[in-house]
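Please look over the chain shown below before reading on. The paragraphs that follow begin with one of its covalent links and then widen to the surrounding architecture.

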Amino acid sequence: MQKGSRNCLFVLLAMSMEFVTLASNFGNQLLKYRKIAKQNGCNIFEGSWVYDESYPLFDSSTCPFIRKEFDCLKYGRHDHQYLKYRWQPKQCDIPRFDGRDFLRRLRGKKIMFIGDSESLNHWQSLICLLHAAVPHSNIVQETNNSTTSTVIFKDFGVSVSIFNSPYLVDIENEPIGRVLKLNSLKNGQTWKQIDVLIFNTWLWWYRRGIKQPWDYVQDDQQPLKDIDRMVAFRKGLTTWAKWVDSDVDPIKTKVFFQGISPSHYNGMEWKEPGVRNCSLEKIPLRGSTYPGGMPLASTVLNDVLSRISEPVFLLNITTLSQLRKDGHPSMYNGFRGMDCTHWCIAGVPDIWNQLLYTALI
């Protein structure tokens, strides 16, 4: 063996021993991950989309869990090129999603996605990826109430749930009407029992009219008919962040926050003036940056996360998803409405889960 090869081998062995001796505390794991990522110059969320014939990661026609909002091929999408892209970070490679390995590593654990329909999109992708890996295993789906649905991979003792909570903070019925409570988070009693939590909120904060599920908004003062929505978003996130610091045990529970998922209704953002939706988009944007820049919500989210004492891993899917103007259902969904907000399954959310898998292992 040549001297250079021996030195390389010694370095690899030393790194392997270091990883083997990592403490189980998730905070230590995150600090180690960040240190090594910085040393290697690798940010798994910075990169570009490359064409790859080995994708998609599963055949959507074989997954029994896809809702009609996301099942683009079933509802008539004829171009399949959008399925053939993988995410390539600039300075490193990420492992291909391995569903069986995922289930083995998380044997006996509970995973929960908490948020709005983007969380539902993300959850459905993960259960399809896992089903594709173990299609003949004992898989059970349960709906506990109108809030929570769970798929259990019984051979591994792994449950993967979706908890519907568009704002994370509470909406309560009071004599004056439905009140969005920016400083109240009662569902945390349920969430903190879970082993892996993936949070998300943003999509509903600017809803108005009949789509707005509250009549008043309240912080510490009297309920108001409305306030600046970005201010409300920050206050709600801050309440969630305080809950993480006070109630979550980082030794037991890993906490992730899904970055802001973008929509594509304005071609000006990707330098196609006059384009009003994603219906004709067939390929991703080239390169690593989005012409429209980062949404303000991402700046607010990053600021709130920077103030949390306990470890929270930002699954920063914003820019890589901005580049995928081709990945939405558009009219190819069970409602036949134009949807440039959610994502086809199979498709972009599978890469979110590939990045989640990378972070977990």
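In this predicted model, the link of Cys278 and Cys340 is left-handed, with -90° about the S-S bond. The pair connects distant parts of the chain, since Cys278 sits in the loop between β11 and α7 while Cys340 belongs to the loop between α8 and α9, 62 residues apart. The sulfur atoms of this disulfide are 2.1 Å apart, and both Cys278 and Cys340 are buried.

The structure holds four disulfides in total, and, with bonded cysteines counted along the chain, they follow the pattern 1-4, 2-5, 3-8, 6-7. One of them joins Cys63 to Cys128, with an S to S distance of 2.0 Å, and because the torsion about its S-S bond is about -80°, this disulfide is left-handed. Cys63 lies in the loop between β1 (47–51) and β2 (85–89), whereas Cys128 lies in helix α4 (residues 117–133), so the pair ties together parts that are 65 residues apart in sequence. Cys63 and Cys128 are both buried.

Another disulfide joins Cys72 to Cys344, again with S to S 2.0 Å, and the link of Cys72 and Cys344 is left-handed, with -95° about the S-S bond. Because Cys72 lies in the loop between β1 and β2 and Cys344 in the loop between α8 and α9 (348–360), this pair ties together parts that are 272 residues apart in sequence. Here too the cysteines, Cys72 and Cys344, are buried.

A hairpin through two residues joins β7 to β8, and Asp170 has Lys181 in β8 as its bridge partner.

Taken as a whole, the protein chain has nine helices and twelve strands, and 52% of its 361 residues count as buried. Among the contacts in the chain with a separation of 6 or more, residues 24 or more positions apart account for 76%. The accessible surface comes to about 17,200 Å², of which 51% belongs to carbon and sulfur atoms.

Conventions
Residues are numbered from 1 along each chain as its sequence is written. This is a predicted model: local features need pLDDT of at least 70, side-chain atom pairs count only at pLDDT 80 or more; totals for chains, interfaces and linings use all residues. Side-chain values use heavy atoms; hydrogens and water are left out. Helices (H or I, at least four residues) and strands (E, at least two) are DSSP runs, numbered from the N terminus. Buried means under 20% relative accessible area, exposed over 50%, partly exposed in between (1.4 Å probe, protein chains only). Contact means heavy atoms within 4.5 Å. Accessible areas come from the Shrake-Rupley method with a 1.4 Å probe; for residues, only the protein chains shown count as cover. Two strands pair if DSSP finds at least two bridges between them. A disulfide is a pair of cysteine sulfur atoms within 2.5 Å.
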